[in-house]
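Biologist: I would like to learn how to read a structure like this one. Could we go through it together?

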Amino acid sequence: MGKHWLRRLTLFVCAVFLSGTAGYFGWIAADAVEQTEVSTETINEDTVLVGGMPVGIYMETDGVMILDTEHIKGLDGVEYEPASHLVKGGDYITGLNGQTIENKSELMEALKHLTGDEVVLKLRRDEETLDVKLKPVECSPGDYKLGLWVRDNVQGLGTITFLTGDSKFGALGHGIHDTDTNALLSIADGTLYKTSVHSIKKGENGIPGSMEGIIVYNGYNKLGTIEKNTDAGIYGSVDKIDELFAEQIPVEIAPKEEIEIGDATIRCFVENEVQEYDIKVTDIDYSGHEINKGLVIQVTDPELLDKTGGIIQGMSGSPILQNGRLIGAVTHVFVQDSTKGYGIFIENMLENTEGHSLSN
């Protein structure tokens, strides 16, 4: 699944990392029908184009997310923590003194005009909206701070799992959570970009491996838009289908009741190409307690084990196929055994795409 970068400033944060512990490519071929390139017009309710391609992901939070509070030294030499017990990690700042705040730039600009008077922050906490009053601290003449760590975007690498007939994609198989608060990020919008994977760090037991890539965030490299970040993955629309899905391979989707313990495949992007690798489904959990951990899988392919050590960070979203049908996507790696990991049922992902569900 994803990559990570994180830097912090006094009144803000950064480019957070993308996601958990697995996810990239996947497709089957073993028992599949002859592969042909198709138009998305040929995709029906029980068929999707299979993914496996790496993409760059950039998302902006819906408001400015609060990570934590901190002590700051005032002009008088005394340390204060003005936001302590008033805000919580995971709150979103949406306004300041009646002014709408959408990102950290607007927040920092608003802070330039503070005085020693009381400040009213408008916050979103879960489904609730509330106003919180606090007194800013003057740290140097005319410079006031609130003692907050904040963040307003997330970026990294992920993998497309499928594309529906109306150009809707599903990716990752798990949500993107904040690294500091572990809260699922509430996003305003996001973008898919082209990316290139330039190196792979092989995983070892106790030390997950990872993929490193390069993303150029410009209009030329834009592939589509991200509309939702959920516990079952990220979802949105693809604009440049031919660029992302160079091979347009239709695959039927399978309900979880028809998944079997035994052989399966994933398709991973390793050494500059997408290949199919052998795995086994070793356990199936129908309970639904954890939406993205319905499958337990183990990599058995000697070539993939040699290249990556198993499942590595950057592989989340890799399609899992069995008997020629798409059954799920890779979501996590077992830290103590990199050959093993979890997967999500494909039907749990399809529930997040409008007008496309698994028919009975």
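**Thr 61 and its surroundings**

Modeller: Gladly! Keep in mind that this is a predicted model. Let us begin with contacts: setting aside residues up to four places away in sequence, Thr 61 touches Tyr 92, Glu 102, Arg 151, Asp 152, Asn 153, Leu 185, Ser 186, Ile 187 and Ala 188.

Biologist: Is Thr 61 buried or exposed?

Modeller: Thr 61 counts as buried because its relative accessible area is 3%, and buried means under 20%. Thr 61 belongs to strand 3, which covers residues 54–69. Its side chain also reaches the backbone oxygen of Gly 63, at 2.5 Å.

Biologist: Thanks! Next, how do you look for pockets?

Modeller: Rolling a probe the size of a water molecule over the atoms shows where empty space is left. Here, the second largest pocket holds about 230 Å³ of space. It is lined by 13 residues, and those nearest its centre are Gly 90, Tyr 92, Asp 126, Leu 184 and Ser 186.

Biologist: Which classes of residue form the lining of the second largest pocket?

Modeller: That lining has five nonpolar, three polar and five charged residues.

Biologist: And what should I look for in the backbone angles?

Modeller: Most residues other than glycine have a negative phi. Ser 167, in the loop between strand 12 (148–163) and strand 13 (168–171), has a positive phi near 70°. Leu 172 is not a glycine either, yet has a positive phi of about 70°; its place is in the loop between strand 13 and strand 14 (187–193).

Biologist: What are the relative accessible areas of Ser 167 and Leu 172?

Modeller: Ser 167 is buried at 17%, and Leu 172 is buried at 0%.

Definitions and conventions
Residues are numbered from 1 along each chain as its sequence is written. This is a predicted model: local features need pLDDT of at least 70, side-chain atom pairs count only at pLDDT 80 or more; totals for chains, interfaces and linings use all residues. Side-chain values use heavy atoms; hydrogens and water are left out. Helices (H or I, at least four residues) and strands (E, at least two) are DSSP runs, numbered from the N terminus. Buried means under 20% relative accessible area, exposed over 50%, partly exposed in between (1.4 Å probe, protein chains only). A polar contact is a pair of N or O atoms within 3.5 Å; within protein, one must be able to donate a hydrogen and the other to accept it, and residues adjacent in sequence count only if both atoms are side-chain atoms. Contact means heavy atoms within 4.5 Å. On a 1 Å grid over the protein atoms alone, a cavity is a set of points where a 1.4 Å probe fits but cannot get out, and a pocket is an open set with protein on both sides within 12 Å along at least five of seven lines; lining residues have an atom within 4 Å of a point. Grid points are joined across faces, edges and corners, and a volume is the space filled by probe spheres set on the points. Ala, Val, Leu, Ile, Met, Phe, Trp, Tyr, Cys and Pro count as nonpolar, Asp, Glu, Lys and Arg as charged, and the others, Gly among them, as polar.
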